[in-house]
Amino acid sequence: MLHYSKFLRDNAMTNHSSPTCVVTFADKQVTRMTVWSANGKPDLRRGIHLAWAAYESRTKRFPPAITALHFEAKLDDATVTTTQFTAEQIAEATDDR
């Protein structure tokens, strides 16, 4: 039988460097959250879906259009923008809503 503490130790996410997704909505609300990805690269769709959920949770309203989205990473104690997405890329990723 596998002990829970061994499971946690063996599967813990330590020293991960997942990027932070920063989303600005049309009403100037901003969400910032870490978006886990297996390869450490920005996952646009995941970031958008998490931003929508955060917006709805915070405001209790359906989120308006996204006007800006970028990912940040922490490098040597400095935060840098790693990936900035265009309006076209954001629209393409949100087609399923």
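Visitor: Which is Phe71, buried or exposed, and which is Phe85?

Guide: Phe71 is buried and so is Phe85, where buried means under 20% relative accessible area, exposed over 50% and partly exposed in between, with a 1.4 Å probe and protein chains only. This is a predicted model, in which local features need pLDDT of at least 70 and side-chain atom pairs count only at pLDDT 80 or more, while totals for chains, interfaces and linings use all residues. Residues are numbered from 1 along each chain as its sequence is written, and side-chain values use heavy atoms, with hydrogens and water left out.

Visitor: How many aromatic pairs does the rule give?

Guide: The count comes to two, the rule being that rings of Phe, Tyr and Trp (its six-membered ring) pair if their centres lie within 6.5 Å, with planes under 30 degrees apart counted as stacked, over 60 as edge-to-face and the rest as tilted.

Visitor: Why is the pair of Phe25 and Tyr55 called tilted?

Guide: The centres of Phe25 and Tyr55 lie 4.7 Å apart with 50 degrees between the planes, so the rings pair and the angle falls in neither the stacked nor the edge-to-face range. Phe25 is in strand E1 and Tyr55 in helix H2, 30 residues apart, helices (H or I, at least four residues) and strands (E, at least two) being DSSP runs numbered from the N terminus. Both Phe25 and Tyr55 are buried.

Visitor: What makes the pair of Phe71 and Phe85 edge-to-face?

Guide: For Phe71 and Phe85 the centres are 5.9 Å apart and the planes 75 degrees apart, therefore the distance is within 6.5 Å and the angle over 60 degrees. Phe71 lies in strand E3, and Phe85 in the loop between strand E4 (78-84) and H3.
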